[in-house]
Amino acid sequence: MKKRNKIYRHMTMVLTVIYIGLLTVLYLSERADGSAAIDSFGDAFWYSLVTLTTVGYGDLIPVTPLGHAVGVVFLFLSAGIMMTLFGASISFVTSEGLPLFLLGFQRKKDWYYFADYGPEAHTLAANIYKEDPETVIIFGQKKDDQMEFPDYPCLFINVSPARIVARKKNTGSRCRVFLMKENDIGVNSRAIDLHTLPVEVYARTTNGQEHLSGNIRFFHSYDCCARQYWRSRPLCSYENTIVIIGFGNYGRCILERAVLTNVLSVSQHVAYHVFGDAREFLAMHRHLHKTFSMGRESETSDSLIFHDEFWAAQKEVLERADRIIICHDDEPQGWSTFWQLNKYYKIRGQVHLHNNRKAPGVHYFGTNEEIYTPDQIMRTALNRAAIRINEIFCRSVSYPTLSWEELDDFHRESKISAADHLLMKIRILLKDDTITQLSPSIVEKAYQVYSITKKSAALQEMYRRIDHMRWLRFYTFYNWGYGAVRNDAQRQHPMLCPYEELTQEQKRERDAAWELLGSIAAELK
């Protein structure tokens, strides 16, 4: 199809040049004869149209020998030109020409370009359209005849992101480009030179990197799944034993989010029993023993217990667990574990199964509809909250601080982690484990409770301790340790110590994440 379109374009250009040349010859030859009826370029053009279309009105005819010769050429060319024009028209309608032409009328709208069409791209596009029906969805491939057309308006245009961006002409909002296949940024030819385009690029990856260059952001479907899991199925105050079966990509991210987010009380002692190969995880996170009891359950702190044996060997742990999370990367293996648990064990707590599709009668999580949402992939609300936390923090301390633009990726992620904990803070303030959404009324109510209760020195200390616990977990997770003087290169920080050893100003720094509730409440109003 591309080769045929190229042939049509070349033929059209050649014939156009020949046609204009013939018109010029006809006009000049006829104008030299005083008796000629064709005495302007417009007359020559009209005569050519009448002749080429074989209408033949006879109102204008050439009188010179050269004019007669041009007329004969027009007669011979008439069939070829008409066929070429017809072919070019068909090619324009059936190829990318017509969609690109129509796209030019929608430049002021938001454009979302997906390099390929697949289940993940389809789900994210559907969720984007659900939030903003005025948006333009573009898939950068030709629609397959066997492909069912999506339920939302979209265009299938087999062109590169660069052509789409050029068509936008910097009008209205910028484009956003998505590469939805895992690690596509390194192998997809359409990813070449994306960093040079004035667009926001979101690329799916399996590695730990979040950021490549100024306009390219990575997202992890496993991390998105884990974030959504703990947001929609939060840790409850009565839960003390959590079992995680399967420690691949999903299991690792489920535990990571639990480590960074599940801080509910200064006296909590949740034991996480993990079944799966954790050697790489433990080698990577060498400082977890500073904030967790490793290998044994504790009555004073959270515990991480990694089991080398098959999960079925730990009958006592399984039967007293408050929650069992089955999160094998291989879904059939997860289903096998699920059925074996239900068949052979007396389970006290809920069993949550990672499953890509909705499963009636099962406590499932991780469907495409849950993971591939604009807020999950682009983290707009989360990043905005993180920026606010940094602003509040900058105002609350006396020493020099960095603006959001000046922060490196690690310290930005630190603020994002604080924003991730906001729902947990609201549950703590309102003493309600069932809250899963930041609605205006809930946020305002939580902030009112905080504003009143922080006047109590004991409660304010508790709030600060909780956020210090969360902060300690984040830094030790990334292998930071204590140092009398902060040294980012050595990953040392003077606040990586027990809460009692903090200065009064350092304790006040922990207020920023709680004070953010006021800003969010005002914004949601």
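**A walk through the predicted model**

Just after helix H18, Asn-479 adopts a positive phi of about 65°. This is a predicted model, in which local features need pLDDT of at least 70 and side-chain atom pairs count only at pLDDT 80 or more, while totals for chains, interfaces and linings use all residues. Residues are numbered from 1 along each chain as its sequence is written, and side-chain values use heavy atoms, with hydrogens and water left out.

Helix H18 itself covers residues 457–477. Its 21 residues should span 30 Å at 1.5 Å a residue, and the end C-alpha atoms are 30 Å apart, which agrees. The expected span of a helix is 1.5 Å times one less than its number of residues.

The protein has 20 helices and 16 strands, taken as DSSP runs (H or I, at least four residues, for helices; E, at least two, for strands) and numbered from the N terminus. Its radius of gyration is 33 Å, well over the 24 Å that the globule rule gives for 525 residues, so the protein is more spread out than a compact globule. That radius is taken over C-alpha atoms, and the rule is 2.2 Å times the number of residues to the power 0.38. Along the principal axes, the C-alpha trace spans about 110 × 60 × 45 Å.

Among contacts (heavy atoms within 4.5 Å) with a separation of 6 or more, 67% come from residues 24 or more positions apart.

Helix H5 (residues 119–131) has 13 residues and reaches 19 Å from its first C-alpha to its last, close to the 18 Å expected. Its buried residues are Ala-121, Thr-123, Leu-124, Ala-125, Asn-127 and Ile-128. The cover over these residues includes strands S1 (111–114), S2 (136–139) and S4 (176–179), together with helices H12 (368–371) and H13 (374–378).

Phe-275 lies in strand S9 (residues 271–275). Is Phe-275 buried or exposed? At 4% relative accessibility, Phe-275 counts as buried. Leaving aside residues up to four places away in sequence, Phe-275 touches Val-243, Ile-244, Ile-245, Gly-246 and Phe-247, as well as His-307, Glu-309, Phe-310, Trp-311 and Gln-314. His-468 is 193 residues from Phe-275 along the chain, and the C-alpha atoms of the two are separated by 29 Å.

Conventions:
Buried means under 20% relative accessible area, exposed over 50%, partly exposed in between (1.4 Å probe, protein chains only).
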